[in-house]
Structure formats: structure tokens, C-alpha cells
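Here is a note for a colleague who has not looked at this structure before. The points below can be read with the model open alongside.

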Amino acid sequence: MRTGSSRGTLRVLGIDPGLTRCGVGVVDVAADRSAQLVHVGVVRSDVDAPIEERLAVIAAGLRAVLEAHAPDVVAVERVFAQHNRQTVMGTAQASGIALLVAGERGIPAATHTPSEVKAAITGYGNADKRQVQTMVARVLRLEELPKPADAADALALALCHAWRGAPVATARSSSTLTPAQRAWADAERVARR
């Protein structure tokens, strides 16, 4: 695990891309996988604004978070197929902006599928939003569930990425894995296909 030079932890900015609401969450994760909330929020753009203005608002909001919190790495939700093409396009555009602003600053970036994130956080790749929010709150020792869901998803992405460096067992040692570790290993195999 690469750690922030002065913090002794890995600071991860998770981004749940969206054109109307782009969730952002920053966590510090120690080598023992314990985590602390640094920042959580949502960058919003006006649905009635032209697309170029909406993307500029998202870029400015993400740059502000990068400037304020100086993450070591950025984790972005990987765009996946949906039936609603307009939603997919907006998500893909916001995802591209997130990767661009990370690249502008020379910050490594990675993408994770929703099922990878759910498996890492809950141990179940098909967990619902409430289950993810509950586990994020538990891991970060929050008194309330993080809201809105976009912000909770961003925190889950950040945690997933930080924890991804943990050993993933091979098939011959899978009997010694916890249910969450088995689910993570399964999600990793599916994501490589």
C-alpha cells in the first residue's frame, strides 16, 4: 500500500460519477485497513444548463476537492451498461471528467465496478444501497448513514480501492477466507473477464 508521505495512511478520493449529482468521498486508510472519514459531499450541476457548462461545474468541483484534500489516489466507479442511454452517457461523461482531473494533477486513478465495490464493502456483490450505506457508516464509525446515496457510494469506492491491496487468496486456499474475502475474490475474477 502506497502511503501519503506525511500522514502514514493512504488517502483515497472516491468518485461516484453522475451528471446531476457526482458523489465525492475522501478517506484515510491505515495499513491495518482501519479508515477515517476526511470529507464527503456531492458536486451538483443544473439539469437545465448546457452540457458543456454542467461538465465544467463538475470539473471545478472535483478540482476543489483535490486541492483541499490532496488524495494519493482517485477511485472512480466504472461505467456499466444500463437500459437508459441518457443516464449512461451522463455517467460516462462525468467519469471522463473525474479521470481527467486526476490525470491533470498526476494522481493515479483506478476504476471499480459496482459489484466489486459492493463485494468489498458488504461481502455480497449484489448488496442494495442501504446495505452499502450501513457498512460504510460502520467502517467509518459514523453516527448516521452517509447521504445522499451518491456520497455513500463515493465513500464505498474509496474504501474498496484502499482495501484492494489486501491479499486475494488463490483457489487452493479459499477455504480459509471469510465470506467477504471470498466475495471479493469472486468479484475480482468476474471483473477481469
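How many helices and strands are there in the chain?

1. Overall make-up. The chain holds 6 helices and 5 strands; helices (H or I, at least four residues) and strands (E, at least two) are DSSP runs, numbered from the N terminus. Starting at the N terminus, their order is β-β-β-α-β-α-β-α-α-α-α. This is a predicted model, in which local features need pLDDT of at least 70 and side-chain atom pairs count only at pLDDT 80 or more, while totals for chains, interfaces and linings use all residues. Residues are numbered from 1 along each chain as its sequence is written, and side-chain values use heavy atoms, with hydrogens and water left out.

2. Of the 193 residues, 47% count as buried (buried means under 20% relative accessible area, exposed over 50%, partly exposed in between, with a 1.4 Å probe and protein chains only). Taking contacts (heavy atoms within 4.5 Å) between residues at least 6 apart in sequence, 62% join residues at least 24 apart.

3. Helix α1 against helix α2. Two packed helices are described by the angle between their axes and the distance between the axes. The axes of α1 (residues 51–69) and α2 (residues 85–104) come within 9 Å and cross at roughly 40 degrees; axes are lines fitted to C-alpha atoms, for helices over the stretch in contact, and angles run from 0 to 180 degrees between N-to-C directions. The pair α1 and α2 is therefore oblique (under 35 degrees is roughly parallel, over 145 roughly antiparallel, 65 to 115 roughly perpendicular, and the rest oblique). On the α1 side the contact includes Ile51, Leu55 and Ile58, and on the α2 side it includes Ala94, Ile97 and Val101. By class, this contact of α1 with α2 has 11 nonpolar, 1 polar and 2 charged residues (Ala, Val, Leu, Ile, Met, Phe, Trp, Tyr, Cys and Pro count as nonpolar, Asp, Glu, Lys and Arg as charged, and the others, Gly among them, as polar).

4. Helix α2 itself. Its 20 residues reach 28 Å from first C-alpha to last, close to the 28 Å expected at 1.5 Å a residue (the expected span is 1.5 Å times one less than the number of residues). Buried residues of α2 include Val88, Gly90, Ile97 and Val101. Their cover includes β1 (10–16), α1, β4 (73–77) and β5 (109–112). Just after α2, Gly106 has a positive phi of about 70 degrees.

5. Helix α3 against helix α4. The axes of α3 (residues 114–122) and α4 come within 9 Å and cross at roughly 50 degrees. Lys118, Ile121 and Thr122 of α3 meet Gln131, Val132, Met135 and Val136 of α4. The contact of α3 with α4 has 4 nonpolar, 2 polar and 1 charged residues.

6. Helix α4 against helix α5. Here the packing angle is about 60 degrees, with the axes of α4 and α5 9 Å apart. In α4, Lys129, Val132, Gln133, Val136 and Val139 take part, meeting residues of α5 that include Ala152, Leu155 and Trp163. The contact of α4 with α5 divides into 9 nonpolar, 1 polar and 2 charged residues.

7. Is Gln133 buried or exposed? Gln133, found in α4 (residues 129–139), is buried, with a relative accessible area of 10%. Beyond its neighbours within four places in sequence, Gln133 is in contact with Leu145, Pro146, Lys147, Pro148, Ala149 and Ala152. As for α5, 14 of its 15 residues are buried, so α5 is largely enclosed by the rest of the structure.
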